[in-house]
Amino acid sequence: MAEAVADIAPPAEARAKPAPKRNTAAIVPERSVAGRTLVLLIAIMTFLSGVTLGGVVLVQKSAIAWSSDVGRQVTIQIRPIEGEVMDSNIRTAISLAEATPGVTAAHAISLEDSEKLLEPWLGSGLDLAQLEIPRLIVVELGDPKDVDLSMLERDLKTIKGATLETHAAWRQQLNTMAATLVFSGVLVLLLIVLATVLAVVFATRGTMASNREIVDVLHFIGASNSFIAGEFQGRFLSLGFRGGIIGGLGAVLFFFLVAGAAGSIMPDQASAQLGFLFGRFSLGLDGIVGIAAVIPVLAALTAITSRLTVRRFLSQTSGL
Amino acid sequence: MIEFTNVGLRYGHGPEILRDLTFRIEPGSFHFLTGPSGSGKTSLLRLLLLSLRPSRGTLTMFGKNVSALNQDSLLDMRRHIGIVFQEFRLLDHLTTFENVALPLRVLGQPESMYRSNVTELLEWVGLGERMEALPPLLSGGEKQRAAIARAVIGRPDILLADEPTGNVDSELSLRLVRLFAELNKLGTTIILATHELSLLDAFDFPRMSLTDGQVKMNG
């Protein structure tokens, strides 16, 4: 033994050296994986998922808020009818409304307020006293479930020209529209996930083909398919997280920028009206948490997809 | 330890590369595997490495019929076999130390457990000073010694070598075969494929000659 070693070994004094403490390199080199392209792709997919998810959250929050606000009010409309005294009818309607169980308050919209409401359509400086227009009474409800609106509707029949508007049709339409948007958003999310899976499958197969030598050597030295798949999975998980964080931050930044831009471009009044109608363009904590949740989900999806692809590749190519 | 009985091998639907191989290799023996290019040496080594299964016949290793084993059992058996290639097949992005330690790493051993063993082995093969070097910076002889160290670090019962001296000069070839002979003295069964006549003449080990897919045992 000593003879054979002496044949090929350097002088003994050059050999006596303690083993250094070291950082072990990854078996699958980072540069061999189509890294930057995949990071960019996952970043784009995460950004799209985040924006879609954020959009869905905004729509749903606005729909719930709007529906809830509108649901807490009903309106009594009294049309002017010849021979009827409008002020008297208004007082009667308010009394009937206030006597209805579940109603917390009722008040008539003044002529000045009616004027303001009609101003965008009829222009300013209009004297409504000259026109016979219907008058509105806003009825505030406590818990909408406890209110007997059918009783109020029956009572109002005693007043000529009075009708009750519960906004049920509007709310129904709004809920249908919001549900359609949410469903479309979920569908888009599913398509993004599918596209991500397909892209990762192709990237993994390309990586496996370009790392065939490493895979063969690992097989020759007794590595199991599970070990090899784990090495590639670890690499892809890291890429997935990097891409996910970039895309997720991009999506959150997008919502902040758009909210800021919407506030500065539109005049305060228009912004307030839009806010009243569609809700504020703000994600809120739950929206940000939702986008943050997309990051580990896409990273895990990338890792699992690559592992399954590697296992399939190995079972097809191991020759056993 | 290894027994071939009427073993044949073909790739897909092609002709038989190996035909009716029947021979036995005893534990602790050293055999040269010779034959002209294309005679099937590499295919025979791949059968012995368990990366191929026989198309027909029976190959028994460590007392078990290889064809009847499932993939997990084959993997366990493969861990008792080391392999050295002519083209070294070291991973260029890993240092010499990491390449040699790879078989232990894939078994899940922590570096603290194998560090001293790998260092000792690298010093034994004369690479103590080259532990941190990447393979592209090693000479042909150094690469082959690193490849041999990687093959034996897991203390295999069988060591296969496919033209291990093909890329080194004749003087270093003799030294490398002496190294294999030393490993054999420690109890490792060695099958060394070569077509270098000078090596065959320099060592008095039995030869398995492959011609036209058939084997003939000499000595």
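The model is predicted, so local features need pLDDT of at least 70 and side-chain atom pairs count only at pLDDT 80 or more, while totals for chains, interfaces and linings use all residues. Residues are numbered from 1 along each chain as its sequence is written, with chains lettered from A and ligands numbered from 1 in the order in which they are written.

Let's start with helix H4 of chain A, residues 86–99. (Helices are DSSP runs of H or I with at least four residues, strands are E runs of at least two, and both are numbered from the N terminus.) H4(A) has 14 residues and reaches 20 Å from first C-alpha to last, close to the 20 Å expected at 1.5 Å a residue; that expected span is 1.5 Å times one less than the number of residues.

Its buried residues are A:Asn89, A:Ile90, A:Ala93, A:Leu96 and A:Ala97. They sit on the same side of H4(A) because they cover an arc of only 130° around the axis, taken from the directions from the axis to the C-beta atoms. Buried means 20 or more other C-beta atoms within 10 Å of a residue's own, exposed means 12 or fewer, and partly exposed is in between, with C-beta atoms placed from the backbone.

Over in chain B, four strands form an open antiparallel sheet, in the order S2-S1-S4-S5. Strands pair if DSSP finds at least two bridges between them. S2 and S5 are the edge strands.

| Residue | Phi | C-beta neighbours |
|---|---|---|
| B:Arg155 | near 50° | 12 inside 10 Å, exposed |
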